[in-house]
Amino acid sequence: SELIKTADGGQISLDWFDNNDSLYYPDASTRPTVLLLPGLTGTSKESYILHMIHQSETLGYRCVVFNNRGIAGEDLLTPRTYCAANTEDLEAVIHHVHSLHPLAPFMAAGVSMGGMLLLNYLGKTGRDTPLMAAAIFSAGWNVFESVESLEKPLNWLLFNYYLTTCLQSSISRHRQMLEKLFDMDLVMKARTVREFDKQFTSVMFGYRSIDDYYEDASPCRKLKSVGIPVLCLNSVDDVFSPGHAIPVETAKQNANVALVLTSCGGHIGFLEGIWPRKCTYMDRVFKQFVQAVFEHGNKIFSI
């Protein structure tokens, strides 16, 4: 684990898997590196992140997990956490990792909100990034459609309320720091993700309204500006990212973007077989794509 400082006085926790026993890439300076971005309230301990690290290990690659502020056990040094729209912390992490290993091929993979954040970063930077390529899994493309889907009665019962309590739990440890800027009693009364974002997230990052925040956080608005190869995997039955809100037509207009859509798979599911064990379809897509980028990238990108 490593803590890095940010320009505003905060700190970010990174978890490294160096893979120093790599047989394929024994030279650490040129060992391919994958930056992993977990979902909302997620850390390097999530099973889907551990699966990606395992897949990378077998290929000889290095991994580093970007934990959002205040999530991985570290203290908040400023009254600020994170959101899907603000890419400043991600930019700092990408610069830091690249500066440590400037000769190493470098790409990123983001899951759920991590994928949204990565897409928003790529839409902002275009080709001006040290990343060769990116993989995106189960991203919410249009936040308005995502929260509307999550507020349907059954989805609220199964997902929304639980996710809201997870968000509240993730900030309760930092209550003393956050009370400097927020009415925490009001934040803790939220019963939906939308209410939490209205009272907390949108206020923290200076948006005039929650609609302004959701507009800025929606990756579908920035997809046309992505300037490096990006593979995006979504399931059309994902309640967090409804199938009708996936920007298929926009993706067709950008040669850098590939959308892979499955009829089933849910949110970060993609289980296979009658008795699903270990490797998922998402794991296989991740492994095949990063291997293609690192080992055949020059050929692929010149097509």
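Let's start with Asn67, which sits in strand 4. Strands here are DSSP runs of E with at least two residues, helices are runs of H or I with at least four, and both are numbered from the N terminus. What you're looking at is a predicted model, where local features need pLDDT of at least 70 and side-chain atom pairs count only at pLDDT 80 or more, while totals for chains, interfaces and linings use all residues. Residues are numbered from 1 along each chain as its sequence is written, and side-chain values use heavy atoms, with hydrogens and water left out.

Is Asn67 buried or exposed? Asn67 counts as buried because its relative accessibility is 0%. (Buried means under 20% relative accessible area, exposed means over 50%, and partly exposed is in between, using a 1.4 Å probe and protein chains only.) Setting aside residues up to four places away in sequence, Asn67 touches Ile12, Ser13, Leu14, Asp15, Thr43, Ser44 and Ala72; a contact here means heavy atoms within 4.5 Å. Take Thr43: it is 24 residues from Asn67 along the chain, yet their C-alpha atoms are separated by 5.5 Å.

The side chain of Asn67 has polar partners too. It makes a polar contact of 3.0 Å with the side chain of Asp15, and one of its polar atoms lies 3.2 Å from the backbone nitrogen of Ser44. A polar contact is a pair of N or O atoms within 3.5 Å; within protein, one must be able to donate a hydrogen and the other to accept it, and residues adjacent in sequence count only if both atoms are side-chain atoms.

Next up is helix 1, residues 47-59. Its 13 residues reach 19 Å from first C-alpha to last, close to the expected 18 Å; that expected span is 1.5 Å times one less than the number of residues. Tyr48, Ile49, Met52, Ile53, Gln55, Ser56 and Leu59 are buried in helix 1. They are on the same side of the helix because they cover an arc of only 160° around the axis, the arc being that of the directions from the helix axis to the C-beta atoms. What covers these buried residues includes strand 2 (11-17), strand 4 (62-67) and helix 11 (281-301). Just after helix 1, Gly60 takes a positive phi of about 90°.

Now follow the chain to helix 11.

One last stop is Asn120, in helix 3 (residues 113-125). Asn120 counts as buried because its relative accessibility is 1%. Leaving aside neighbours within four places in sequence, its contacts include Ala84, Thr87, Asp216 and Lys222.
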